Amino acid sequence: MAVQWLYVGKIVNTQGIRGEVRVISATDFADERYAKGATLYVRDQKNGDYKPLKVSNYRKHKQFDCLKFEGLPSINDVEKYKGCSLFVTEAQLSELEEGDFYYHQIIGMDVITDTGKELGTIKEILSPGANDVWVVDTGAADVLIPYIRDVVRKVDMKTKKVIVHLIPGLIDHED
C-alpha cells in the first residue's frame, strides 16, 4: 500500500544564520508535530522524493513556527529548503479522543444545515484564535463556519457529512 502523505506546512524562509527555518503551518497539533525528535519529510521539488528531517528545536516567532533540524547547523544547510513543503505520514498520527478530528478528515466533507439545505464542501480550515473556522465552498461565495457547539451540531465521519445550525446573521441565506 502506498504511503499516505499529509501536508503540515511550508518552509517560507530561513531564520537567522544557525540553520533555523520559518514555517507557515497547516497542522492542527503543532506542539506534537514539531516536538524535539519528531520526523518531518521535505518533498524534493524536482524529483518528488521525500527526505526525512529530524526536529532538534521548535519555537513560535510571530506568526511563524521556527524549526531547527538535526545535522543542519547553518543557514547554508537549510537555504535549499526554502519554498519546500513539509509532510508526515498517516502512520505518524496519534489516536484522538472522540469528537476530535484531524484537518484532513474534515476537509472535503459536505455541509448541510439542520433544515436540510446543502451548503457546500469544506475546502479549508483556518485557526485564527479561540476556535477553528471551517471554510465552505458553496460554488458562489465561501461561507465561514465557526467550529463551536452552537453552530456545528454533528460531524458524521461515516457519511462524510457535517450538520450545522445557521445562527441568524452568520451568512446571508434563504430558508
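**Aromatic pairs and their surroundings**

Colleague: Happy to start with Trp-5: how accessible is this residue, and in which class does that put it?
Modeller: Keep in mind that this is a predicted model. Trp-5 has a relative accessible area of 25%. Buried would need a value under 20% and exposed one over 50%, so Trp-5 is partly exposed.

Colleague: How many aromatic pairs are there, and which type do Trp-5 and Tyr-50 form?
Modeller: A search of the whole structure gives seven aromatic pairs. For Trp-5 and Tyr-50, the centres are 3.8 Å apart and the planes make an angle of 5°. Planes under 30 degrees apart count as stacked, so the type of this pair is stacked.

Colleague: Why does that pair tie together separate parts of the sequence?
Modeller: Trp-5 belongs to strand S1 (residues 5-15), while Tyr-50 belongs to strand S4 (residues 50-61). The pair therefore joins parts whose separation in sequence is 45 residues.

Colleague: Good, and what about Tyr-50: how accessible is it?
Modeller: Tyr-50 is partly exposed. Its relative accessible area is 26%.

Colleague: Which type of pair do Phe-29 and Tyr-102 form?
Modeller: Their centres are 5.5 Å apart, with 80° between the planes. An angle over 60 degrees counts as edge-to-face, so this pair is edge-to-face.

Key
Residues are numbered from 1 along each chain as its sequence is written. This is a predicted model: local features need pLDDT of at least 70, side-chain atom pairs count only at pLDDT 80 or more; totals for chains, interfaces and linings use all residues. Side-chain values use heavy atoms; hydrogens and water are left out. Rings of Phe, Tyr and Trp (its six-membered ring) pair if their centres lie within 6.5 Å; planes under 30 degrees apart count as stacked, over 60 as edge-to-face and the rest as tilted. Helices (H or I, at least four residues) and strands (E, at least two) are DSSP runs, numbered from the N terminus. Buried means under 20% relative accessible area, exposed over 50%, partly exposed in between (1.4 Å probe, protein chains only).
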